[in-house]
Amino acid sequence: MKIKTIFGIDTNGNNIFVIQKANMFKILTEEPTEKEWNELAVEFNFSQNELAKIKYAFQDWKDWYKKI
């Protein structure tokens, strides 16, 4: 199942990071703790490799946000 990550700004001006897999999605506005990352992995049935890629994409989002 393909996983999508999207980052941007919502209609209220909040910076968001969206994780989508099939019809499930999660909107993040701040960095999850390690426990929250693990809970997200269980909820979405992510492999450790998939979770690592999502964390990397999240870090890119944080770096992008700092530049604006």
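Trainee: Where is the place of Phe7?

Mentor: Phe7 sits in strand E1, residues 3-9. Helices and strands here are DSSP runs numbered from the N terminus, with at least four residues of H or I for a helix and at least two of E for a strand. Keep in mind that this is a predicted model, where local features need pLDDT of at least 70, side-chain atom pairs count only at pLDDT 80 or more, and totals for chains, interfaces and linings use all residues. Residues are numbered from 1 along each chain as its sequence is written, and side-chain values use heavy atoms, leaving out hydrogens and water.

Trainee: Why is Phe7 called partly exposed?

Mentor: Buried means under 20% relative accessible area, exposed means over 50%, and partly exposed is in between, with a 1.4 Å probe and protein chains only. Phe7 has a relative accessible area of 40%, so Phe7 is partly exposed.

Trainee: What makes Phe7, Ile9 and Trp64 a patch?

Mentor: A patch takes residues with over 30% relative accessible area and no salt bridge, joining like charges within 9 Å and nonpolar side chains (Val, Leu, Ile, Met, Phe, Trp, Tyr) within 5 Å. Phe7, Ile9 and Trp64 form such a nonpolar patch on the surface, with about 280 Å² of accessible area together. Areas like that come from the Shrake-Rupley method with a 1.4 Å probe, and for residues only the protein chains shown count as cover.

Trainee: Which residues touch the most other members of the largest nonpolar core?

Mentor: They are Phe17, Ile19, Trp37 and Phe46, out of 13 residues in that core. Strand E2 (15-21), helix H1 (34-44) and helix H2 (48-67) each supply at least two residues of the core, and H2 gives the most, with five residues. A nonpolar core is a set of buried Ala, Val, Leu, Ile, Met, Phe, Trp, Tyr and Cys residues joined through side-chain atoms within 4.5 Å.

Trainee: What does Ile19 touch?

Mentor: Contact means heavy atoms within 4.5 Å. Leaving out residues up to four places away in sequence, Ile19 touches residues including Ile3, Met24, Trp37, Phe46 and Ile54.

Trainee: How do you know that Lys62 and Glu31 meet in a salt bridge?

Mentor: A salt bridge needs a side-chain nitrogen of Lys or Arg within 4 Å of a carboxyl oxygen of Asp or Glu. The side chains of Lys62 and Glu31 meet at 2.6 Å, N to O, and count as a salt bridge. This pair links distant parts of the chain, 31 residues apart: Lys62 is in helix H2, and Glu31 is in the loop between strand E3 (24-28) and H1. Lys62, at 21% relative accessibility, counts as partly exposed.

Trainee: How many salt bridges does the structure hold?

Mentor: Three. Glu34 and Lys55 pair at 2.7 Å, N to O, linking helix H1 to helix H2 across 21 residues. Lys35 and Glu39 pair at 4.0 Å, N to O, and both lie in helix H1, four residues apart, about one turn of the helix.

Trainee: Why does Lys35 count as exposed?

Mentor: Lys35 has 60% relative accessibility, so Lys35 counts as exposed. Glu39, with a relative accessible area of 43%, is partly exposed.

Trainee: What is the phi of Asn45?

Mentor: Asn45 has a positive phi of about 60 degrees although Asn45 is not a glycine. Asn45 lies in the loop between H1 and H2, and at 62% relative accessibility Asn45 counts as exposed.
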